[in-house]
Amino acid sequence: MEFKFHVEGGDFTSAGTASSQIKKVLKQINIDPIIIKRVVVALYEAEVNIVAHAHHGDIKVKITPQQVYIRLDDEGPGIENVEKAMQKGFSTASSKVREMGFGAGMGLPNIKENADIFTVRSEVGKGTTLEITISTVNNG
Amino acid sequence: MKLRDIVQIVEAEVLCGQDQLDIEVGAAVASDLMSDVLTLKCRDFLLITGLCNVQSIRTAEMSDIHAILYVRDKLVDLEMIALGEDNNMIIMRTPCSMFKTVGRLYTAGLKPVY
């Protein structure tokens, strides 16, 4: 099964729509609730990152019997120092993002925590690509 | 502790999920930082927050939280209530401050998530 979503930067009202739909699908196909939580928390953090930092982005979710693969491509300012951005507490979020309850520098580390495989590629001035893979077979 | 007891202890108003007040919650977390809530591995606890927006409901949805208690008589709008109803949540609102809410519930025996 494959799903595609478009996310607009700054649209906090709609942030979470993709994660919500994926959660419903995973529940329908009887995935372990603990794995569902890992998938949707990782996806939601990444979705909020697009809304908070990018101009816009696209999300692709591929669900197979073995895993959930998520790819998020955004166009935006990119991440200057990916290594730094992966550190807990490092944030470049605006005050508006903080008012929404985010921007504490915990998003990317939390995605890593929930993913089995997580890669970040970013080009300053162009955008960022995240790839998240979570196995649905082994709860590890 | 039953949600019905929580409603009574903090003089809360139930905004959706009135038919689910006999559900038991074993623990609670109090936070205005949704990033913190999203790092919690446990499920099915009470979220006590002063952050009153759609993203607090979305965070609860992703975190498998079915009961939210807003403090300081925050205005919960219709969009939030509709999203809560869609997710079968119990949304409550208390006039108490965060400090008073947490103090009363802790004294009554509600446990922290950690």
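**View 1. Where chain A meets chain B.** The contact draws on 25 residues of chain A and 22 residues of chain B, counting heavy atoms within 4.5 Å as contact. This is a predicted model, in which local features need pLDDT of at least 70 and side-chain atom pairs count only at pLDDT 80 or more, while totals for chains, interfaces and linings use all residues. As for conventions, residues are numbered from 1 along each chain as its sequence is written, chains are lettered from A and ligands numbered from 1 in the order in which they are written, and side-chain values use heavy atoms, with hydrogens and water left out. About 2000 Å² is buried between the two chains, with carbon and sulfur atoms giving 53%; buried area is the accessible area (1.4 Å probe) that two parts lose on being put together, summed over both. Look for Lys37(A), Tyr44(A) and Met106(A), which supply 28% of the area that chain A buries against chain B, more than any other three residues.

View 2. One salt bridge joins the side chains of Lys41(B) and Glu113(A), at 3.8 Å from N to O.

**View 3. The largest pocket.** Here about 650 Å³ of space is found. On a 1 Å grid over the protein atoms alone, a pocket is an open set of points where a 1.4 Å probe fits, with protein on both sides within 12 Å along at least five of seven lines, and lining residues have an atom within 4 Å of a point. The volume is the space filled by probe spheres set on the points, which are joined across faces, edges and corners. Of the 34 lining residues, Asn49(A), His53(A), Ile79(A), Thr92(A) and Leu108(A) lie nearest the centre. The largest share, 7 residues, comes from α2(A); helices (H or I, at least four residues) and strands (E, at least two) are DSSP runs, numbered from the N terminus.

**View 4. The second largest pocket.** This pocket has a volume of about 280 Å³. Its lining has 16 residues, and the closest to its centre are Lys23(A), Lys27(A), Glu61(B), Asp64(B) and His66(B). The largest share of this lining, 4 residues, comes from α1(A).

Methods
Salt bridge = Lys/Arg side-chain N within 4 Å of Asp/Glu carboxyl O.
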